Amino acid sequence: MAVIGVELAGRGYDVQVGHGLLANAGELTEGFIRKDRVAAVADRNSHRAHGQQLEHALAAKGVSIDWFITQPGEGAKSWGVLEKLLDWLLERGVERGDHIFALGGGVVGDLTGFAAAVLKRGCGFVQIPTTLLAQVDSSVGGKTAINTAAGKNLVGAFHQPALVLADTGTLDTLPPREMGAGYAEVIKYGILGDRTFFEWCKENGAKVTARDPAALEYAVTQSVQAKARIVAEDERETTGTRALLNLGHTFGHALEAETGFSDALLHGEAVALGMVLAARYSARREYISLDNAARITAAIDKAGLRSEIASLGLECSGDQLAAHMLHDKKMDAGTLPFILLRGIGQAFVDKQVDMADIAAFLGEQLQAH
Ligand SMILES: NC(=O)c1ccc[n+]([C@@H]2O[C@H](COP(=O)([O-])OP(=O)(O)OC[C@H]3O[C@@H](n4cnc5c(N)ncnc54)[C@H](O)[C@@H]3O)[C@@H](O)[C@H]2O)c1
Ligand SMILES: O=C(O)C(=O)C[C@@H](O)[C@H](O)[C@H](O)COP(=O)(O)O
Ligand SMILES: [Zn+2]
């Protein structure tokens, strides 16, 4: 088991990573429960797979759970579900000093975190991530949000959890496709800032997605450490450091918008495609060699993730994809900074990107191969 601290003055917290942690959730969350009932959010799948285990663990401490259960999928990050959740929490008399539990993937975590951020101007929450993506990325760092018609995560807040319990054993029930999507955010840490970890991922990615316990725990621990370091340095994405975690996301979010936030393209799958596009665009600008862009593409392919946007069969132009990007939260005074690469493990923020060139590049990529 590993305990990784997210060092934030007055808002610091631990991320506990280990196989079988959920069985001890009673003891591990004891300091965050003040009553004999706790409000918890899950989606139908995470509730079915792990809800009972959490109930048993808390029952051992005399605590029972009131569940708010959502439909699985990105659709739960919406105004409608948020409103229902907030009304439900208010009916239950949740107070500022209480902690709401989020048992599930990034969708449940982002929704619950945002509800906690705005309920009574801010109450506590505990993240119990049950997808690889949520364990390595979304449960840590306090970005919470819902989507709107205009795009991804456009209404949200920075609101840190009080505790993260990442039980790698909960991933045993996760469908293989979701393991692949989560792996995209694992290898992202290598591509953006750690060449050695990138090389480790290339060699061990198959073990991670096959849930080899040692490889999985190493991947989750390394990822959380990288994220905790970046978040501690730039919690609110103001200096440019945290923006590096957005590698592949400006392209990826545009692809998610174009596919209607549907199961056709999962967030992690969009990020994988987005990282290939960021690498190829970096090569187009001669920041990296074509060989390095090809190495990144090969590592994405090797993980069984799609690397060619042409394979999506989208009926849109490069201009249309580029238009989605204008809603990106990094947009500043009419300029959209892009996270590009100077090498593998060397991401940087480029504020000199011409959107007409991005649209032309995307048009070519949509036709390629
Ligand atoms: N806040 C952040 O920093 C951050 C970071 C990365 C991604 N995100 C967001 O996270 C979301 C994606 O999260 P995700 O990939 O976890 O998707 P998700 O939450 O939709 O979960 C994926 C699928 O797995 C199911 N599931 C969850 N746990 C399970 C388990 N243990 N066993 C069986 N099935 C299980 C869910 O029901 C769902 O069908 C996106 O909305 C993305 O924008 C946020
Ligand atoms: O934590 C961050 O910072 C990230 O950018 C992590 C991303 O993986 C995540 O998808 C995040 O929600 C994207 O941020 P956004 O600000 O572009 O919505
Ligand atoms: Zn992401």
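Around ligand 1, the shell holds eight nonpolar, 16 polar and eight charged residues; here Ala, Val, Leu, Ile, Met, Phe, Trp, Tyr, Cys and Pro count as nonpolar, Asp, Glu, Lys and Arg as charged, and the others, Gly among them, as polar. This is a predicted model, where local features need pLDDT of at least 70, side-chain atom pairs count only at pLDDT 80 or more, and totals for chains, interfaces and linings use all residues. Residues are numbered from 1 along each chain as its sequence is written, while chains are lettered from A and ligands numbered from 1 in the order in which they are written.

**Ligand 1**
- Of the 32 residues around ligand 1, the nearest are Asn 45, Pro 72, Gly 105, Gly 106 and Ser 138 (near means a C-beta atom, placed from the backbone, within 6 Å of the molecule or strand).
- Helices H2 (44–59), H4 (106–118), H5 (132–138), H6 (176–193) and H10 (267–284) each put at least two residues into that shell; helices (H or I, at least four residues) and strands (E, at least two) are DSSP runs, numbered from the N terminus.
- Ligand 1 lies between domain 1 (2–173) and domain 2 (176–367), because both give residues to its shell.

**Domains and their contact**
- The protein chain splits into domain 1 (2–173) and domain 2 (176–367), with bounds that come from an automatic or database domain assignment.
- Taken over C-alpha atoms, the centres of domain 1 and domain 2 are 26 Å apart.
- The contact draws 30 residues from domain 1 and 31 residues from domain 2 (C-beta atoms, placed from the backbone, within 7 Å).
- On the side of domain 1 that touches domain 2, S1, S2, H5 and strand S8 (151–158) each give two or more residues, and H5 gives the most, with five residues.
- By class, that side of domain 1 has 15 nonpolar, ten polar and five charged residues.

- Strands S1 (residues 2–6) and S2 (residues 13–18) run antiparallel, joined by five bridges; strands pair if DSSP finds at least two bridges between them.
- Ala 2 has Val 17 as its bridge partner in S2.
- Six residues sit between the strands of this hairpin, where Gly 10 takes a positive phi near 80°.

**Helix H3**
- H3 (residues 79–91) has 13 residues and should span 18 Å at 1.5 Å a residue, which agrees with its end C-alpha atoms being 18 Å apart; the expected span is 1.5 Å times one less than the number of residues.
- After H3 comes Gly 93, with a positive phi near 70°.

Conventions: Contact = placed C-beta atoms within 7 Å.
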